[in-house]
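Here's a quick walk through one structure, pockets to begin with and then a pair of helices. Keep the 3D view open as you read.

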Amino acid sequence: MTGQKVRWGILGPGGIASTFAADLPLVAGAELAAVGSRNLASAQAFAERHGFARAYGSYAELAADDGVDVIYVATPHAFHLEAALLCIEAGKAVLVEKPITLDLPSAALLIEAAHTRGVFLMEAMWMRCNPAIRRIAQLVADGAIGEVSAVHADFGLQGPFEASHRLRDPALGGGALLDLGVYPIHLVHTLLGVPASAQAWAHLTPERVDEHTGVLLGYASGAVAALTCSINGASRNAASITGTAGRIDLPVGFFMPRSFTLNRPDMAPETFEFPFEGGGYQYEAAEVQRALLAGELESPIVSHATTLEVMALLDALREQIGVTY
């Protein structure tokens with residue numbers, strides 16, 4: 001790293017990478033250094049569109065670039081492990097799009113590789129870096145709604161998706177749970193941690209990925225969480241956190257909120273506003289830069305333990321619903 005500058009590389013210039021890259025200029029000190037793709041023309045087009053200095057026709061060339069400090073891995077889930085390992089072995093810090101890998105053993109392997117090499121690694125669960133989510137977590141921890149008793153959240157996309165679509169392809173880690181269900185699960189994990197009990201039911205597509213899934217989590221405290229995700233219908237995509245002394249309501253788009261409302265008995269509802277430019281990905285990029293400049297190897301917001309705990313839960317849920325990769 002040069003001074004307070006952090007030089008970013010993008011591996012896999014697809015749709016999510018475009019969204020992330022569009023938010024990078026909002027982060028102080030972020031330098032758009034290089035893009036790597038399996039197709040040079042794609043990398044060049046992406047670099048020109050977003051203002052990156054260099055483009056490469058292979059992931060290996062990007063990983064070998066001495067002018068890159070951290071690489072954002074934005075390939076489909078099934079290719080995260082191989083791409084991230086390549087970057088780690090090259091000594092690069094890595095931000096890996098969620099879910100970090102397809103399963104717990106792969107996630108543990110990746111984290112162990114980062115520990116061994118002594119490089120920063122973070123799963124790109126951008127929702128946890130959102131300022132509204134962080135404020136909610138603090139309010140709950142401070143007892144603003146008493147003891148949490150229930151969390152409700154849903155995330156559904158309007159289908160139908162063609163059989164050839166990434167979301168229906170088991171070879172690419174398709175299905176609702178890993179793409180969409182991770183948001184409700186991370187929300188409740190932020191507040192309640194690891195559940196004592198986890199149950200799931202799903203309807204599967206002909207390709208044997210989950211089309212819509214319901215999850216019921218139980219906690220030793222007595223709290224419950226009812227979560228749904230779907231790739232065959234647009235749900236409200238909202239959330240609520242109920243406690244013994246109040247409730248917090250997150251609006252449509254709960255996974256990237258710009259506001260939330262605190263409701264308490266005998267008090268007027270209080271709305272908290274968190275306006276921001278862009279799509280909200282700048283907050284995870286800023287957290288990566290903060291950690292790198294501080295010499296940290298993981299973020300306390302999306303820690304390695306958090307990644308492993310959520311991946312273990314996802315594995316258990318997938319086993320129940322019969323989805324394998």
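A pocket here is an open set of points on a 1 Å grid over the protein atoms alone, where a 1.4 Å probe fits, with protein on both sides within 12 Å along at least five of seven lines; lining residues have an atom within 4 Å of a point. α1 (15–23), α4 (80–89) and α7 each give two or more residues to this lining; helices are DSSP runs of H or I, at least four residues, numbered from the N terminus. The volume is about 610 Å³, taken as the space filled by probe spheres set on the points.

This is a predicted model, so to speak of local features takes pLDDT of at least 70, and side-chain atom pairs count only at pLDDT 80 or more, while totals for chains, interfaces and linings use all residues. Residues are numbered from 1 along each chain as its sequence is written, and side-chain values use heavy atoms, with hydrogens and water left out.

Now look at the second largest pocket, at about 160 Å³. α6 gives the most to its lining, with five residues. Among the lining residues are Ile133, Ala137 and Thr190.

Those three turn up again where α6 (residues 131–141) packs on α7 (residues 176–192), at about 35° with axes 9 Å apart. The contact (heavy atoms within 4.5 Å) takes in Ile133, Ile136, Ala137 and Val140 of α6, plus Leu187, Thr190 and Leu191 of α7.

Terms used
Axes fitted to C-alpha atoms, helices over the stretch in contact; angles between N-to-C directions.
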